Amino acid sequence: MNVFECKCCGICCQGEGGIFMQPDEVSGPAGLLGLSEEEFTRTYTEPRHGVLSIKTDLDGFCLFHDRETHFCLIHGSKPRMCRDWPFFYGPLASRQGFEDAKNACPGINPEATWEDFVECHRRLGGEMPPRTYIPCLIAGRGNSDSKD
């Protein structure tokens with residue numbers, strides 16, 4: 001069963017302060033845009049919870065989300081977090097998290113069960129437990145509402 005096929009709807013590209021990247025991920029998108037890593041970081045990111053967060057526009061969309069095509073302007077070098085969607089901790093850790101993701105994302109097969117989803121993640125070589133993007137929040141050391 002095909003559990004997920006991206007529909008390029010852009011739903012996962014919306015959410016202020018929710019798209020995180022590590023410093024070692026900056027060189028790829030910076031190069032695609034013809035910028036130095038410093039210019040890219042200064043222009044397109046802000047520190048949040050000890051990691052970089054891609055800035056959003058006034059409607060809360062990632063600055064790299066093309067509103068007409070719904071395509072990612074840095075697709076070839078997008079952050080791990082974006083490449084991992086929808087195989088995040090919440091949908092993998094609980095049935096309710098999976099149902100919430102399935103209700104929000106038209107790319108998740110409506111016939112897929114949570115068990116299908118978890119098995120697909122394992123077949124794709126996904127980490128169990130899934131990768132963390134904000135270590136301080138997962139470890140309980142941070143506040144989700146604060147900026148660094």
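## Basis

This is a predicted model: local features need pLDDT of at least 70, side-chain atom pairs count only at pLDDT 80 or more, and totals for chains, interfaces and linings use all residues. Residues are numbered from 1 along each chain as its sequence is written, and side-chain values use heavy atoms, leaving out hydrogens and water.

## Overall fold

The protein has seven helices and three strands. Helices (H or I, at least four residues) and strands (E, at least two) are DSSP runs, numbered from the N terminus. In sequence order the pattern reads β-α-α-β-β-α-α-α-α-α.

Of the 148 residues, 36% count as buried. Buried means under 20% relative accessible area, exposed over 50%, and partly exposed in between (1.4 Å probe, protein chains only). A contact means heavy atoms within 4.5 Å. Among contacts with a separation of 6 or more, 59% come from residues 24 or more positions apart.

The largest pocket has a volume of about 460 Å³. Of the 29 residues that line the largest pocket, Cys6, Cys12, Cys13, Lys78 and Cys82 are the closest to its centre. Helix H3 (residues 80-84) gives the most to this lining, with three residues. By class, the lining of the largest pocket has 20 nonpolar, five polar and four charged residues.

The second largest pocket has a volume of about 260 Å³. Its lining includes Ile11, Cys12, Met81, Cys82, Trp85 and Phe88. The lining of the second largest pocket divides into nine nonpolar, three polar and no charged residues. On the terms: a pocket is an open set of points on a 1 Å grid over the protein atoms alone, where a 1.4 Å probe fits, with protein on both sides within 12 Å along at least five of seven lines; lining residues have an atom within 4 Å of a point. A volume is the space filled by probe spheres set on the points, which are joined across faces, edges and corners. Ala, Val, Leu, Ile, Met, Phe, Trp, Tyr, Cys and Pro count as nonpolar, Asp, Glu, Lys and Arg as charged, and the others, Gly among them, as polar.

## Aromatic pairs

A search of the whole structure finds six aromatic pairs. Phe40 and Phe64 form a stacked pair, 5.7 Å centre to centre with 5° between the planes. The pair links distant parts of the chain: Phe40 sits in helix H2 (residues 37-44), Phe64 in the loop between strand E3 (51-54) and H3, 24 residues apart. Both Phe40 and Phe64 are buried. Phe87 and Phe117 are also stacked, at 4.7 Å centre to centre and 20° between the planes. Phe87 lies in the loop between H3 and helix H4 (89-93) and Phe117 in helix H6, so this pair ties together parts 30 residues apart in sequence. Both Phe87 and Phe117 are buried.

Phe40, Tyr44 and Phe64 form one aromatic cluster. Rings of Phe, Tyr and Trp (its six-membered ring) pair if their centres lie within 6.5 Å; planes under 30 degrees apart count as stacked, over 60 as edge-to-face and the rest as tilted.

In H6, Phe117, Val118, Cys120 and His121 are buried. They cover an arc of only 160° around the axis, which puts them on the same side of H6. The arc is that of the directions from the helix axis to the C-beta atoms. What covers the buried residues of H6 includes H4 and helix H5 (95-104). H6 is followed by Gly125, whose phi is positive, near 85°.

Lys102 is in helix H5. At 16% relative accessibility, Lys102 counts as buried. Leaving out residues up to four places away in sequence, Lys102 touches Ile108, Asn109, Pro110 and Ala112.

## Backbone exceptions

Most residues other than glycine have a negative phi, and most peptide bonds are trans. A cis peptide bond joins Trp85 and Pro86, with omega about 5°. Pro86 lies in the loop between H3 and H4.

Cys8 is not a glycine, yet has a positive phi of about 50°. Cys8 lies in the segment before strand E1 (20-21), and at 37% relative accessibility it counts as partly exposed. His70, also not a glycine, has a positive phi of about 65°. His70 lies in the loop between E3 and H3, and at 31% relative accessibility it counts as partly exposed.
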